[in-house]
Amino acid sequence: METPPASGSLGWNRGTAVLVLLSFAMLIVSLDQYIVVVALPDIARDLGYSAQTLQAVISVYAVASAGFLLFGGRAADLLGRRRILATGLALYAWASLAGGLATSPGVLLAARAFQGLGGALVFPTTLALVNTTFTEGRARNRALGIWGGAGAAGLVIGVLLGGVLTQAFGWEAVFLVNVVLAVPALLLAFVVIPWDGEREKGRTFDLPGALSISLGVTLIVFSLVQGPGLGWLSPGILVSAAAGLLLIGAFVIIERRSDDPLMPPRLLSNPNLITGAVIAFMFMATFGSVLYFLSLYFQEVLGYDALQTGAGFVIPTALVVAGSTTAGPLVTRFGLRRTLSAALAVGAVGAVALGLAISPNGTYIGLVPGLVALSIGDGVVFTTMFIAAATGVSDRQQGIASGIASTASGVGAAVGLAVLVLVANAGLGGLSGEQLRIATAEGISTTLFVVAGGIGLTFLVALSRCPTPTGPVPAPVPYQTRRC
């Protein structure tokens with residue numbers, strides 16, 4: 001059952017209105033992870049990016065977003081969730097406008113970084129608001145299914161929409177569309193989301209902890225996404241990785257001495273949250289990386305243009321939405337272990353089928369069976385992992401818990417893409433023309449088999465550490481977990 005609706009003109013349907021807005025906001029930030037993929041060739045031509053620097057258009061968003069998700073979650077808990085949601089949407093809209101008007105590579109990269117920062121505020125805040133608006137159990141599972149459907153669909157719709165907009169209006173449209181989407185969401189936030197109220201007394205922001213973990217994660221993710229291009233032993237990568245590890249070590253020391261730590265030890269003792277975060281990491285390292293390689297296969301091997309590439313994601317989009325929205329009811333009926341395990345098994349089969357279907361002379365029809373299975377698994381797992389992460393967490397800590405889970409997914413995306421790019425690009429050096437096209441197809445095929453292996457490992461995690469909802473846990477009673 002929903003929590004009692006806040007007073008206002010929306011009356012009894014306040015909870016529904018909140019869920020619609022939060023799902024829409026989640027869709028907006030999810031879109032931008034891949035909406036620029038199809039537009040990259042046009043961006044490179046107009047702004048003068050080289051083959052070595054073009055990937056930064058994607059990676060700078062991932063770096064900024066992953067590094068500040070914990071910061072966003074903590075800010076939502078302490079400063080107010082409506083305030084942080086509005087701030088994130090405003091920053092997102094402003095950065096998108098700057099990106100659409102960019103005339104140089106540096107301006108575009110700065111805009112993408114600020115988009116990532118805006119997303120880092122919006123993502124955990126929407127998740128925390130869903131978890132605090134709906135009671136743990138059937139109602140929250142249903143709500144997270146809708147929210148998760150919007151988020152998972154955004155990843156796929158981004159590629160589809162990017163192709164349509166690039167073909168019709170040019171690459172600038174993939175940025176400017178976010179302004180059209182984010183501004184109405186920002187205005188509605190003040191109408192739909194209840195007032196935050198006064199700040200809770202006695203709680204501090206833990207600024208040293210927030211800064212150390214944000215900068216530490218940012219440097220680690222930077223090393224991961226830039227390592228394949230700059231070289232893993234290059235000075236910049238080694239210094240960034242070392243500094244990131246030192247900052248994370250400093251964060252651990254700061255947290256032990258803090259009176260009000262960013263990540264309370266009791267919160268980290270919740271096995272549901274930890275399991276959800278681990279699965280989120282592995283999900284984005286596997287499922288979350290496939291879109292990039294499919295887009296590459298469509299354009300570089302099959303010779304699709306931007307619009308055809310976008311159209312190739314219509315089927316995955318529909319199935320991801322269907323899987324995500326039905327995940328909540330499935331968890332309520334069958335439990336987390338069964339739902340997660342089944343979805344991961346279907347996803348692994350889909351990845352294998354795609355790996356077998358991808359070839360230099362392959363066809364889209366041949367990809368359909370694998371796309372169907374992978375997309376269904378993708379949608380169900382995306383929602384279910386966040387249901388797991390929210391289980392047994394008090395309302396006052398939902399923001400930071402959401403930040404932990406979303407940070408795990410962001411870092412997982414960076415790690416997965418870094419590793420899989422190495423796999424896909426192995427043996428491509430010095431090739432050109434038809435030889436390069438054939439080798440690219442073979443590399444992507446091998447990558448899909450590696451993805452299937454990673455999903456298999458995630459399956460084992462779900463079997464061995466699957467959390468089960470036990471209802472709200474009153475402080476200061478320790479978290480309890482009943483295995484499926």
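Mentor: A residue is called exposed when its relative accessible area is over 50% and buried when that area is under 20%; please keep in mind that the model before us is predicted.

Trainee: Is Arg45 buried or exposed?

Mentor: Arg45 has a relative accessible area of 57%, and therefore counts as exposed.

Trainee: Which side chain meets Arg45 in a salt bridge at 3.1 Å, N to O?

Mentor: That partner is Asp42, and because the two residues stand three apart in helix 2 (residues 40-47), about one helical turn separates them. Asp46 also forms a salt bridge with Arg45, with the closest N and O atoms 3.6 Å apart, so that a network of salt bridges links Asp42, Arg45 and Asp46. Asp46 itself is partly exposed, at 44% relative accessibility.

Trainee: How many salt bridges does a search of the whole structure find?

Mentor: The search finds five, and one of them joins the side chains of Asp77 and Arg81 at 2.7 Å, N to O; both Asp77 and Arg81 are buried.

Trainee: Which residues touch the most other members of the largest nonpolar core?

Mentor: In this core of 135 residues, they are Leu85, Leu108, Trp147, Tyr297 and Leu367, while helix 12 (residues 271-301) gives the most to the core, with 16 residues. Leaving aside residues up to four places away in sequence, Leu85 touches several others, among them Leu22, Val122, Leu129 and Ile193.

Trainee: Which residues form a nonpolar patch on the surface?

Mentor: Trp232, Leu233, Leu238 and Leu422 form such a patch, together having about 420 Å² of accessible area. Leu238, which lies in helix 10 (residues 235-257), counts as partly exposed at 44% relative accessibility.

Conventions
Residues numbered from 1 in each chain as written. Predicted model: local features only at pLDDT ≥ 70, side-chain atom pairs only at ≥ 80, totals over all residues. Heavy atoms only, no water. Core = buried A, V, L, I, M, F, W, Y, C linked by side-chain atoms within 4.5 Å. Buried < 20%, exposed > 50% of the residue type's maximum accessible area, 1.4 Å probe, protein only. Helix = DSSP H or I, 4+ residues; strand = E, 2+ residues; numbered from the N terminus. Contact = heavy atoms within 4.5 Å. Patch = residues over 30% accessible without salt bridge, like charges linked within 9 Å, V, L, I, M, F, W, Y side chains within 5 Å. Areas by Shrake-Rupley, 256 points an atom, 1.4 Å probe, with all protein chains shown as cover. Salt bridge = Lys/Arg side-chain N within 4 Å of Asp/Glu carboxyl O.
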